[in-house]
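Work through the exercises below with the model open. Each task is followed by its solution in steps.

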Amino acid sequence: MGLAVWCIKQGHDPQVWVIGLSVGHFFTFVVLELILPRNPRFNLFRDRQSLNDMGFNIITGAIRPFLAGLLTLIIVWFNEFRIGSDIATLWPSSLPFAAQVLLAILCASFMDYWVHRAYHTVDRLWWFHALHHSATQMHILKGGRMHIMDEVAHALTTPLPMLLLGAPTEVLLMSSLWGVFTGNAVHSNVDQRFPSWAHYFLPTVQLHNLHHSTERRYQDSNYSGTTPLWDWLFGTLSHPHHCELKDMGLKEHYMPDNFLKQILFPFKWQLKPPIQTTPDIIDT
Ligand SMILES: [Zn+2]
Ligand SMILES: [Zn+2]
């Protein structure tokens, strides 16, 4: 994040340094997974789903520029019809840059929290999100193991309120980079240690591993990937020191192994949901 601030101050082209820092962060964690593995049984080079994970990472990465274009169109439309003209000046631009970035991270994580919670509580949404939860081991590629519809919902909803309020581009860039970096860290198989209090404020690998548990009570907690504050506030925080993580993945094996079938199955299940695997019924 410090390097990003330096790049902004130097006036470097964001299209270059955002990609550079994201790629650099990703490969740093690939190397760290080999040197300091959190779980020796997990390994992206031996995971039979790694090729599929790469496919999903490529798709989600490729559609992001189109989604950014769509967001810009929405903002233009709002301004054209003067719907958002009054609120477009509400962002506190006079605050110090660090305070604005912190505010943006809190706003983004608030939106992310409710979108993610909806994916867990509405069955028809869950089928799209189940792909992310079907991972039985954690490593750096799992952060991007997202269904295209899951990615679309996150990408469109998370930055939208801040754009409408008139947040500066640099602040939004810092907020989204925080999302990329923490997404890598919480899914990585890198040994990371935190004091007990840190799990209330920072997105930790222990918190997110619990979210990937096969047990529904942990799966339906720790929704926020960028700060657990909202989970703490809304009563959905599972503190790693008070919970025992057994296995990760889905309780029942209903996710196909084939890449194309994984993309198509949420659409297919909208028409004919397999009752016996509905999340609400799994743990009863
Ligand atoms: Zn989830
Ligand atoms: Zn995850």
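**Exercise 1. Determine the handedness and the relative direction of helix 5 and helix 12, and list the residues that meet.**

Solution. Helix 5 and helix 12 cross in a right-handed sense (right-handed if the near helix is turned clockwise from the far one by less than a right angle, left-handed if anticlockwise). Helices here are DSSP runs (H or I, at least four residues), numbered from the N terminus. The model is predicted: local features need pLDDT of at least 70 and side-chain atom pairs count only at pLDDT 80 or more, while totals for chains, interfaces and linings use all residues. Residues are numbered from 1 along each chain as its sequence is written, and chains are lettered from A and ligands numbered from 1 in the order in which they are written.

Next, the geometry: the two axes come within 9 Å and cross at roughly 165 degrees. Axes are lines fitted to C-alpha atoms, for helices over the stretch in contact, and angles run from 0 to 180 degrees between N-to-C directions. Helix 5 is therefore roughly antiparallel to helix 12 (over 145 degrees; under 35 is roughly parallel, 65 to 115 roughly perpendicular, the rest oblique).

Last, the contact: Arg-124, Trp-127, Phe-128 and Leu-131 of helix 5 meet Gln-262, Pro-266, Trp-269 and Gln-270 of helix 12. Contact requires C-beta atoms, placed from the backbone, within 7 Å. By class there are five nonpolar, two polar and one charged. Ala, Val, Leu, Ile, Met, Phe, Trp, Tyr, Cys and Pro count as nonpolar, Asp, Glu, Lys and Arg as charged, and the others, Gly among them, as polar.

**Exercise 2. Is Phe-267 buried or exposed?**

Solution. Locate Phe-267 in helix 12, residues 259-271. Phe-267 is exposed because 12 other C-beta atoms lie within 10 Å (buried is 20 or more, exposed 12 or fewer, partly exposed in between, with C-beta atoms placed from the backbone). Then take the C-alpha distance to Trp-127, which is 8.3 Å across 140 residues along the chain.

**Exercise 3. Describe how helix 4 packs against helix 5 and against helix 6.**

Solution. Start with helix 5 (residues 123-133): its axis is 6 Å from that of helix 4, at about 105 degrees. The pair is therefore roughly perpendicular. Ala-118, Tyr-119 and His-120 in helix 4 meet Leu-125, Trp-126, Phe-128 and His-129 in helix 5. This contact has five nonpolar, two polar and no charged residues.

Now helix 6 (residues 148-157): the axes of helix 4 (residues 97-121) and helix 6 come within 9 Å and cross at roughly 155 degrees. These two are therefore roughly antiparallel, and their crossing is right-handed. Met-111, Asp-112, Val-115 and Tyr-119 of helix 4 meet Asp-150, Ala-153, His-154 and Thr-157 of helix 6. The classes are four nonpolar, two polar and two charged.

**Exercise 4. How many residues make up the largest nonpolar core?**

Solution. The largest nonpolar core has twelve residues, among them Trp-91, Val-101, Ala-104, Val-171 and Trp-178. Such a core is a set of buried Ala, Val, Leu, Ile, Met, Phe, Trp, Tyr and Cys residues joined through C-beta atoms within 7 Å. Helix 4 and helix 8 (169-187) each supply at least two of its residues. Leaving aside neighbours within four places in sequence, Val-171 is in contact with Gln-100, Val-101 and Ala-104.

**Exercise 5. Where does Asn-222 lie?**

Solution. Asn-222 sits in the loop between helix 10 (216-219) and helix 11 (229-233). Its phi is near 50 degrees, a positive value in a residue other than glycine. Asn-222 is buried, with 29 other C-beta atoms within 10 Å.

Technical notes
Two residues are in contact if their C-beta atoms, placed from the backbone, lie within 7 Å.
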